[in-house]
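Open the model in your viewer and keep the selection panel at hand. The stops below say what to pick next and what is there.

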Amino acid sequence: MAQQILNGVFVGSIYALFAVGYTLVFGVLDILNLAHAAVFMLSAFAALALTEHGLSIWIAMPLGILAGGVIGIVLERLAFRPLRGRSDSNISGLISSLAVATVFEAIALQLFGPDISRFPQGTFPDRTIAIGGASASLLQLCIVGISVALMAVLTFLLARTRLGRRIRAVAESPRAARILGVDVDKVIALAFFISSALGGAAGILFGLAFNSISPDVGRSVELKGLAVIILGGMGSVPGAVIAGFALGLIEVFTVAHVGSSYRDAISFAVLFIVLIARPRGLLGRAAAREA
Amino acid sequence: MTALLEVRDLRVGYGHVEAVRGVSFSVSAGEVVALIGPNGAGKSSTLNAIGGLVRPASGSVKLEGRELAGLPSHAVVAAGLILVPEGRAILHRMTVLENLIAGAEARPWPGGRGEARAAVETQVRRFPSLQRRLDQPAGALSGGEQQMLAIARGVLGRPRILLLDEPSMGLAPLLVRQIFEIIEEINKDGTTILLVEQNARMALQTAQNAYVLERGEIALHGPAADLAKDPRLQAAYLGGDVA
Ligand SMILES: Nc1ncnc2c1ncn2[C@@H]1O[C@H](COP(=O)(O)OP(=O)(O)OP(=O)(O)O)[C@@H](O)[C@H]1O
Ligand SMILES: [Mg+2]
């Protein structure tokens with residue numbers, strides 16, 4: 001039981017980290033960024049390439065996260081900014097982000113090949129630690145710690161800083177933000193940087209956790225990330241955190257008690273039931289945003 | 001003496017609709033200028049073009065000699081022109097206090113964060129109804145309170161000139177009077193104000209100079225006290241009896 005909780009928290013922390021960035025951009029733009037999983041994948045490859053060049057994971061990881069953020073800014077310029085102001089920007093942004101995701105996957109395929117890549121031996125010290133009746137690897141604990149720390153930083157940034165207030169202002173009403181002297185385009189670009197850096201961090205941690213990275217690694221979190229942000233309430237960062245951990249726990253308990261083939265079925269059944277009870281998700285907002 | 005705000009031949013269009021057709025006026029430092037006119041005259045379009053929310057088709061907007069026309073709104077705010085728009089545009093999901101802080105963050109304060117905090121506190125004291133509700137979402141405020149929040153937030157942007165778009169709209173008479181008192185108070189503190197109103201009577205009592213906008217053009221202008229006695233204006237907007 002304790003072991004399952006530990007495993008659920010471990011998997012959930014990666015889902016949550018992936019989903020907070022996903023939901024952040026949705027909150028600001030009202031558009032799903034379907035390239036979020038591709039950024040997750042590219043950052044993982046970036047960190048992998050850096051460790052292969054002999055860098056320590058503790059240097060490769062921040063650089064990989066930074067790369068994710070920079071890719072996010074490029075993505076915003078390519079897929080979203082040219083469409084801004086169009087009346088159909090929600091659906092066209094969805095499609096153009098899907099197109100960019102395809103391009104990102106093609107680049108990864110070209111650079112790293114279709115096979116599974118692995119971090120070099122000894123990238124992370126192999127140690128097991130006993131906690132209560134359960135045991136966890138040092139890697140797992142670090143992954144949970146890093147995820148939680150990054151989400152705490154994001155929460156603080158959004159709640160307490162000038163940039164956070166500006167992001168929330170743009171999310172609620174770009175017009176009201178403009179009146180407050182906010183450079184809306186710049187804030188959107190920064191939101192993409194933050195979102196993609198967090199998505200990239202999730203990709204690196206995922207790659208380390210399962211020691212397996214391939215151009216289609218994003219597929220494994222893509223749909224779950226979507227389920228998490230819907231479950232949490234579209235645009236809600238705390239909702240995504242709660243739902244991410246919830247999904248991790250549900251998956252682990254399903255595998256342990258029902259069988260691994262039911263993992264996704266039960267997860268989506270829970271999503272379905274929650275949405276019947278709360279159509280806007282756990283922490284979803286009732287009010288539509290202003291133009 | 002050169003004007004603080006100098007608007008020349010401003011034109012604003014929406015597709016084929018020409019909402020503002022060559023409007024010129026000026027506001028001197030320290031005064032309240034009223035821009036009045038009927039529904040659809042182009043008052044909001046004029047203010048929004050000055051504030052950078054809509055791009056003017058042509059014309060010039062100079063603040064202290066600096067051209068602002070065509071600049072994005074954040075650059076206009078940075079120059080010190082602060083707009084309190086029609087509909088107030090407060091942030092409903094943020095708390096009252098966060099709205100005020102966001103207002104104070106619109107432009108840097110010479111005394112840094114400490115001065116900004118002190119300014120927020122000063123505004124809070126000016127509006128006791130806000131003081132009691134600082135931690136509530138601004139969307140929970142009444143219409144009058146939201147208007148006061150919008151004005152307080154505008155003042156916190158340290159405006160060289162404050163543009164108010166129909167601050168009395170939709171408010172009960174008692175609140176309207178209160179809002180106009182506040183506008184006078186802000187002006188006495190040294191803030192130059194361009195006031196758009198449909199409540200012509202109150203606007204003319206508050207302003208020193210006024211312009212009447214009709215169908216996108218300035219139809220009349222002059223000292224507010226003279227306009228208040230103008231028979232053409234009395235018939236159209238003031239119901240004939242001006243005190
Ligand atoms: N976004 C827009 N798109 C198209 N037409 C517009 C838009 N905004 C205003 N108009 C038109 O421009 C004209 C001027 O409108 P504006 O809002 O500037 O007038 P106003 O004097 O502020 O009126 P009110 O007293 O009702 O606020 C009107 O005919 C209006 O229908
Ligand atoms: Mg108007």
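**Stop one: a glutamate and its contacts**

Select E145(B): beyond its neighbours within four places in sequence, E145(B) is in contact (heavy atoms within 4.5 Å) with S129(B), L130(B) and R133(B). This is a predicted model, where local features need pLDDT of at least 70, side-chain atom pairs count only at pLDDT 80 or more, and totals for chains, interfaces and linings use all residues. Residues are numbered from 1 along each chain as its sequence is written, chains are lettered from A and ligands numbered from 1 in the order in which they are written, and side-chain values use heavy atoms, with hydrogens and water left out.

Colour by secondary structure. E145(B) sits in helix α6 of chain B, residues 143-155; helices are DSSP runs (H or I, at least four residues), numbered from the N terminus. Is E145(B) buried or exposed? E145(B) has a relative accessible area of 15%, so it counts as buried (under 20%, 1.4 Å probe, protein chains only).

**Stop two: ligand 1**

Now select ligand 1 and the 13 residues around it (a heavy atom within 4 Å). Nearest are K43(B), S44(B), S45(B), E86(B) and Q198(B). Helix α1 of chain B, residues 43-50, gives the most to this shell: 3 residues.

Show distances from the ligand's oxygen atoms to polar side-chain atoms:

- E86(B): 2.6 Å
- N39(B): 2.8 Å
- Q198(B): 2.8 Å

Switch to a surface. The protein covers 61% of the 630 Å² of accessible area that ligand 1 has on its own (Shrake-Rupley method, 1.4 Å probe).

Terms used
A polar contact is a pair of N or O atoms within 3.5 Å; within protein, one must be able to donate a hydrogen and the other to accept it, and residues adjacent in sequence count only if both atoms are side-chain atoms. Helices (H or I, at least four residues) and strands (E, at least two) are DSSP runs, numbered from the N terminus. Buried means under 20% relative accessible area, exposed over 50%, partly exposed in between (1.4 Å probe, protein chains only).
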